[in-house]
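Subject: Structure handover and notes

Dear colleague,

Please find the structure below, followed by my notes on what turned up in it.

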Amino acid sequence: MQYLLRPVLRVASAVVIVCTLLAYLAPFVSPALFRWIAFFGTAFPWLLIAHLALVGFWAYWRHRYALYHIGMLFLGWQHVVAFVGLNAGRQDVPNDAVTIASHNAGGLFTGVHLEPEEWDSIIDSYARFWEKEGPPAVLCLQETGRNFFLKLRARMDYPYIFELGRAGTAVLSRYPIVRGSALPFQETENTSMWADLQIGRRIVRIYNVHLQSNKVTGDTRHIVEEAPLDSKDTWKGVSKVLRKVGRATAIRARQADLLSDLMASSPYPVVLCGDFNDTPTSYVYSRLSEGLRDTFRERGFGLGITFAGPIPFLRIDYILCDPRLKIYSAQVLRDRHSDHYPVTAALGF
């Protein structure tokens, strides 16, 4: 049997290694110029799983191909630790640390036509979740609505808020908000913002972003759950999803270029929170993390998956911070109020 299996696994190894090399190139190539390479970066979590499986197969047969896969993992070790936090050692968080949280709470809005009493129950449940985890000093929300975050602000007793009318992003804070504004993204239906917070004697600029969405969750869920693989319509649906993702990826690349330039010109230390809609093996992450520190990469432990939707193993929500700030802890909280998990970081200012 193994004589039949080995040729198949050799081909699989070659395909996985080539795709992984393309994934390693993805952070350096703007999808605005060549969008299709971004798919290999997005596929990196599945390529990682494939490498581990193939290492197991080849190691069982004591074959040198196992070393090839191990070598590929070490070659891209910085990408591996961006998905899997290896910081098992506990570090005490001082009392004066500032906990910041970011959450795309759009999954709460699947029932937009609920009665007011039902909405009050959802908001109360969401607030109780944060009370159990420990309310963050700064809560950055994406893909919500004005009534939601105003009621949540009152329920959780945040004295300060910065929001853009009926738009979907908001910053709720226990620290005074000095000023803020929308980000000048032209090609998006989402909203992104910055707000300057007075934390002690220091002003810190918080960016709360929701970069261009792929808008394929419904299509993907239909393909995964209902569409048969032998149907022509299924493959038309897959093609449609790929085109949508390709267009959105190119827009996010342009947004990342603009945002990176804006952060570089900030007069204050920067904390970047939000839903990038891209993984760490992407041009967008590479561009936005220039000169910043990834809190999960440095202090997180376990799987960094932040998306709980139909496409598994995606880390697309982040808290990045200025290198002048100290990172005490970082977590992904496995809450199922939304199709995104909240991310938190305790920072020293």
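Phe-313 lies in the loop that runs between strand E11 (301-303) and strand E12 (317-321). The phi angle of Phe-313 is near 65°, which is a positive value in a residue other than glycine. Phe-313 has a relative accessible area of 34% and is partly exposed. For that term, buried means under 20% relative accessible area, exposed means over 50%, and partly exposed is in between (1.4 Å probe, protein chains only).

Glu-143 also has a positive phi, near 60°, and is likewise not a glycine. Its place is the loop between strand E3 (138-142) and H7. At 39% relative accessibility, Glu-143 is partly exposed.

Before the rest, the ground rules. This is a predicted model, in which local features need pLDDT of at least 70 and side-chain atom pairs count only at pLDDT 80 or more, while totals for chains, interfaces and linings use all residues. Residues are numbered from 1 along each chain as its sequence is written, and side-chain values use heavy atoms, with hydrogens and water left out.

Cysteines

How many disulfides does a search of the whole structure find? The result is zero (a disulfide being a pair of cysteine sulfur atoms within 2.5 Å). Cys-140 is in no disulfide, and the nearest cysteine sulfur, that of Cys-273, is 4.0 Å away. Cys-140 is buried, at a relative accessible area of 0%.

Aromatic residues

There are 14 aromatic pairs. Rings of Phe, Tyr and Trp (its six-membered ring) pair if their centres lie within 6.5 Å; planes under 30 degrees apart count as stacked, over 60 as edge-to-face, and the rest as tilted. In the pair of Tyr-65 and Tyr-68, the ring centres are 5.2 Å apart and the planes are at 40°, so this pair is tilted. Tyr-65 and Tyr-68 are three residues apart in helix H4 (residues 65-75), and are therefore separated by about one helical turn. Tyr-65 is buried, with a relative accessible area of 17%, whereas Tyr-68 is partly exposed at 40%. Both residues belong to one aromatic cluster, formed by Trp-58, Tyr-60, Trp-61, Tyr-65 and Tyr-68.

Tyr-68 is also part of a nonpolar surface patch of about 640 Å², together with Leu-67, Ile-70, Phe-74, Trp-77 and Leu-86. Patches are made of residues with over 30% relative accessible area and no salt bridge; like charges are joined within 9 Å, and nonpolar side chains (Val, Leu, Ile, Met, Phe, Trp, Tyr) within 5 Å. The accessible areas come from the Shrake-Rupley method with a 1.4 Å probe, and for residues only the protein chains shown count as cover. Helix H4 gives the largest share of the nonpolar patch, four residues.

Two arginines sit over tyrosine rings. Arg-174 is over the face of Tyr-158, 4.2 Å from the ring centre. The charged end of Arg-334 is over the ring of Tyr-341, at 4.8 Å from its centre. The rule is that NZ of Lys or CZ of Arg is within 6 Å of the ring centre and within 35 degrees of the ring normal.

Salt bridges

Side chains of opposite charge can pair when their charged atoms come close. The count here is 14 salt bridges (a side-chain nitrogen of Lys or Arg within 4 Å of a carboxyl oxygen of Asp or Glu). One of them joins Arg-146 and Glu-163, at 3.0 Å from N to O. This pair links distant parts of the chain, 17 residues apart: Arg-146 is in helix H7 (residues 146-156) and Glu-163 in strand E4 (residues 160-163). Arg-146 is partly exposed at 34% relative accessibility, while Glu-163 is buried at 18%.

Arg-205 and Asp-196 form another salt bridge, at 2.7 Å from N to O. Arg-205 and Asp-196 are both buried.

A further salt bridge is between Arg-287 and Glu-290, at 3.0 Å from N to O. Arg-287 is buried at 17% relative accessibility, and Glu-290 is partly exposed at 48%.

Finally, Asp-124, Arg-128, Glu-131 and Arg-155 are linked in a network of salt bridges.

Regards

Key:
Helices (H or I, at least four residues) and strands (E, at least two) are DSSP runs, numbered from the N terminus.
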